Structures are given as structure tokens and as C-alpha cells.
Amino acid sequence: AISERPGIGSRILVFVRLRPMAKKEKEAGSRCCVRIVNRRDLYLTEFATENDYLRLKRLRGRHFAFDASFPDSATQQEVYSTTTAELVEAVLQGRNGSVFCYGATGAGKTYTMLGTVENPGVMVLAIKDLFTKIRQRSCDGNHVVHLSYLEVYNETVRDLLAPGRPLVLREDKQGIVAAGLTQYRAYSTDEVMALLQQGNLNRTTEPTRVNETSSRSHAILQVVVEYKIKDASMNIINRVGKLSLIDLAGSERALATDQRTLRSLEGANINRSLLALSSCINALVEGKKHIPYRNSKLTQLLKDSLGGACNTVMIANISPSNLSFGETQNTLHWADRAKEI
Ligand code: ADP
Ligand code: MG
């Protein structure tokens with residue numbers, strides 16, 4: 001299903017994943033405002049906000065269609081297979097790709113990307129699948145897999161596998177790299193889950209809520225697959241593909257200020273990387289020649305993994321509760337925009 005259309009912008013596949021209603025939301029008397037009727041179509045219902053929830057009136061509804069819409073019963077494996085499996089295949093062919101989870105804080109981004117030990121998410125399933133595929137092909141040539149896991153927080157880049165000082169971005173012949181970033185050589189899936197869980201614990205937390213990951217932190221896992229083989233005339237063929245899996249910062253703040261221009265936001269307390277990503281995606285969607293990668297750390301780091309011949313996948317995460325209606329509506333509008341070509 002992933003196609004490339006050179007010259008007229010890149011095709012971005014856009015998926016929506018609805019998470020189950022949380023206990024807290026149920027206890028607060030939530031009603032479900034999202035309905036997924038088949039594998040594509042989604043209806044968002046706005047209820048009148050009256051205090052007595054028994055009298056909640058249905059105000060209006062809106063229909064959306066995406067490349068796939070996952071109901072709250074979708075498994076991690078289904079989400080992985082539909083959104084990311086083809087990108088893993090492409091990376092083995094030497095192409096780059098990226099998968100983003102986008103949505104408000106609490107909407108299910110980290111669950112989708114990282115998951116839990118019992119229900120591992122896209123990051124872990126992608127690596128597992130990668131090793132399975134490599135094993136199937138191991139008769140020919142030599143694959144080497146390296147992982148890096150970093151955070152962009154407040155325009156500062158940190159190594160999540162070796163926490164310490166901020167890293168400096170440098171431009172070298174491979175593109176823009178974070179100098180000194182750990183490149184972890186992975187041999188199997190087993191070691192990876194623990195590594196990523198530990199890395200996730202190293203993400204920046206809000207000072208007031210020490211146990212919760214900051215809603216402003218972006219986590220980027222990059223999986224680089226290098227493949228070497230000698231052809232018939234003994235020339236060495238070297239093929240490199242890179243898969244970037246990104247657990248984005250909460251979209252609520254960026255969206256709240258979306259209408260203003262970037263300039264007026266400079267001093268304001270917003271997430272520069274998230275806005276810059278939006279600008280790049282807008283430019284790609286419109287088929288523009290100039291893509292403003294330089295505007296943030298996130299977009300610089302992803303320069304070689306967005307647009308061009310790269311496959312880009314967006315997973316928009318949403319809550320079913322009418323208490324999050326505003327955020328859900330914003331997320332769906334953004335996702336709807338990203339899918340337009
Ligand atoms: P975010 O990273 O977007 O802030 P989380 O991934 O941390 O949100 O999800 C918030 C809570 O909802 C977590 O407790 C998480 O385990 C739970 N959750 C999210 N998505 C699902 C899902 N599909 N199935 C079960 N629990 C989920
Ligand atoms: Mg999270």
C-alpha cells in the first residue's frame with residue numbers, strides 16, 4: 001500500500017488509533033465520542049456540555065476516513081503489521097522511513113510506540129520482525145544492526161542509552177548527526193526491550209511530577225541496517241537503510257496556538273520541534289521544493305528520513321472520552337491535513 005510518487009510530494013500514510021476508555025474517564029462520567037465503523041471510517045460526535053451527563057445532547061458529528069482506523073480492541077501486533085511492517089521491509093532494501101505517534105498527552109503514544117513488557121509496541125515489534133527477516137536472508141551477505149535512542153527536550157538533544165550532557169548536532173558526510181550518540185550494536189530482540197524500557201525511564205520528567213515523562217519530550221529510536229555483500233565480480237555492495245520511530249511530545253500545547261505565526265511564538269512557551277515538524281509536513285504535502293528542516297532539532301535529525309524517497313507514517317492517537325473532545329478534534333484535523341496530497 002505504500003507508494004512513492006516522485007516529484008509531487010511524498011505520500012504520507014495516516015492512521016488513527018483509539019485507546020480504551022480509562023478508569024478515571026469512566027469514573028468522571030465520560031461518554032464515548034468516537035465511533036469506528038469499519039477499518040477506515042471514524043465518526044466524532046460532539047455532545048453539549050451539560051453538567052448532568054444523562055442529559056448530554058448530541059450536538060453534531062463529523063466523519064473522517066484514514067488509511068486505517070484502529071478501534072480500541074486493536075492489538076499491538078495488528079497496529080504494527082498495518083502501519084510499520086512494510087517500512088521494515090523497505091529498510092532492508094536500503095531505504096529510509098519514519099513512523100510518528102502524534103496526539104495529546106495521555107492519548108496512547110508511548111503505549112503504541114514502546115508498549116509494555118506484556119504488550120510490546122511498534123518499536124519492539126519492528127526490531128523483532130527485522131531480526132526474523134534478517135535470519136531468513138542470512139545465507140547471503142552480512143547484516144549489521146545499530147540502534148540509537150535519543151530525546152529532544154526543549155531543543156536539547158540527549159542520549160537515552162547513555163544519559164549525560166546534551167549532544168551537539170553536526171553535519172558530516174552522512175548528514176546531520178548527534179555527536180557522541182551511542183550506536184548500540186544489536187544482535188537479537190531479547191536484549192532490546194529492556195534497553196528501550198530503561199531508555200524511556202531516562203526521558204526528561206516534569207519537575208513537579210517526577211514519575212511522569214514530560215509531555216514535551218520527543219523520543220526517537222533509530223534503527224540502522226547495514227548490508228554488505230560481494231557481487232559476482234567481487235565488488236563490495238554496501239546498502240544502508242534507516243528506520244526512525246518517534247514518540248512525539250504531547251500535541252495539546254502546539255495545537256492550542258496553531259493559528260498564530262511562528263514568529264509571534266518565538267518567545268512563547270511552545271514546542272518548537274513539533275511546530276517545525278508540522279511545517280515540514282505541510283511543505284512536503286504541498287510538494288514544495290524547500291522543506292524547512294533547519295527550524296528545529298527534531299526536523300534536523302529526521303532530515304534524511306522525511307520526504308523524498310522515504311516512507312512516512314503517522315499514527316494519530318486519541319482518547320474515546322468526550323472530556324477530551326477538543327484535543328481529539330484537533331488531532332483528527334491535523335491527521336486529516338497530513339493525509340492530503
Ligand atoms: P501518551 O504517551 O500519549 O501520553 P500513554 O501511552 O502513556 O499516553 O497512555 C496513557 C495511558 O493509557 C497509559 O496508562 C497506557 O498504558 C494506557 N493505554 C494507552 N493506549 C492503550 C491501549 N491501546 N490499550 C490499553 N491501554 C492503553
Ligand atoms: Mg508518552
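Predicted model: local features only at pLDDT ≥ 70, side-chain atom pairs only at ≥ 80, totals over all residues.
1. Surface and burial. Of the 341 residues, 51% count as buried.

2. Overall make-up. The secondary structure comes to eleven helices and 14 strands. If you look at contacts with a sequence separation of 6 or more, 68% of them join residues 24 or more positions apart.

3. Strand S1. S1 spans residues 12-18 and is mostly covered, with seven of its seven residues buried. In a regular strand the side chains alternate between the two faces of the sheet. Here Ile12, Val14, Val16 and Leu18 point one way, while Leu13, Phe15 and Arg17 point the other way. Both sets are buried, Arg17 included.

4. The partners of S1. Strand S14 (residues 311-318) runs parallel to S1, and seven bridges join the two. Within that pairing, Val16 stands opposite Ala316. S1 also pairs with strand S5 (residues 68-70), again in the parallel sense, over three bridges. On that side Arg17 is found opposite Phe70.

5. Phe66 sits in the loop between strand S4 (58-65) and S5. Leaving aside residues up to four places away in sequence, Phe66 touches Val14, Val16, Arg40, Leu332, Ala335, Asp336 and Lys339. From Phe66 to Val16 the C-alpha distance is 7.0 Å, although 50 residues separate them in sequence. Val14 and Val16, both among these contacts, belong to the set of S1 side chains that includes Ile12 and Leu18.

6. Arg337 in helix H11. Helix H11 covers residues 325-339 and holds Arg337. With a relative accessible area of 27%, Arg337 is partly exposed. Its contacts, not counting residues up to four places away in sequence, are Asn282, Val285 and Glu286.

7. Ser251, another loop residue. Where does Ser251 lie? Its place is in the loop between strand S13 (236-247) and helix H7 (252-256). Ser251 is buried, since its relative accessible area is 0%. Beyond residues up to four places away in sequence, Ser251 touches Tyr102, Gly103, Ala104, Leu274 and Thr331.

8. Cavities. The structure holds three cavities of 30 Å³ or more. Rolling a probe the size of a water molecule over the atoms shows where empty space is left. I would draw your eye to the second largest cavity, which has a volume of about 40 Å³. Its lining consists of Val88, Val91, Ala126, Ile127, Leu130, Val223, Val225 and Leu243. The elements that give two or more residues to this lining are helix H3 (85-92), helix H5 (122-136) and strand S12 (217-230). H5 gives the most, with three residues.

9. A hairpin. Strand S9 (residues 169-172) and strand S10 (residues 175-178) pair in the antiparallel sense over four bridges. The two strands form a hairpin with two residues between them. Leu169 stands opposite Ala178 in this pairing.

10. Two positive phi angles. Which backbone values might you like to look at? Asn154, which is not a glycine, has a positive phi of about 55°. Asn154 lies in the loop between strand S7 (142-153) and strand S8 (156-159). With a relative accessible area of 65%, Asn154 is exposed. Met234 is a residue other than glycine with a positive phi, near 65°. Its place is in the loop between S12 and S13. At 58% relative accessibility, Met234 counts as exposed, because the cut-off for exposed is over 50%.

Definitions and conventions: Residues numbered from 1 in each chain as written. Chains lettered and ligands numbered in written order. Heavy atoms only, no water. 1 Å grid on protein atoms, 1.4 Å probe; cavity = no way out; pocket = protein on both sides within 12 Å on 5 of 7 lines; lining within 4 Å. Points joined across faces, edges and corners; volume = space filled by probe spheres on them. Pairing = 2+ DSSP bridges. Buried < 20%, exposed > 50% of the residue type's maximum accessible area, 1.4 Å probe, protein only. Contact = heavy atoms within 4.5 Å.
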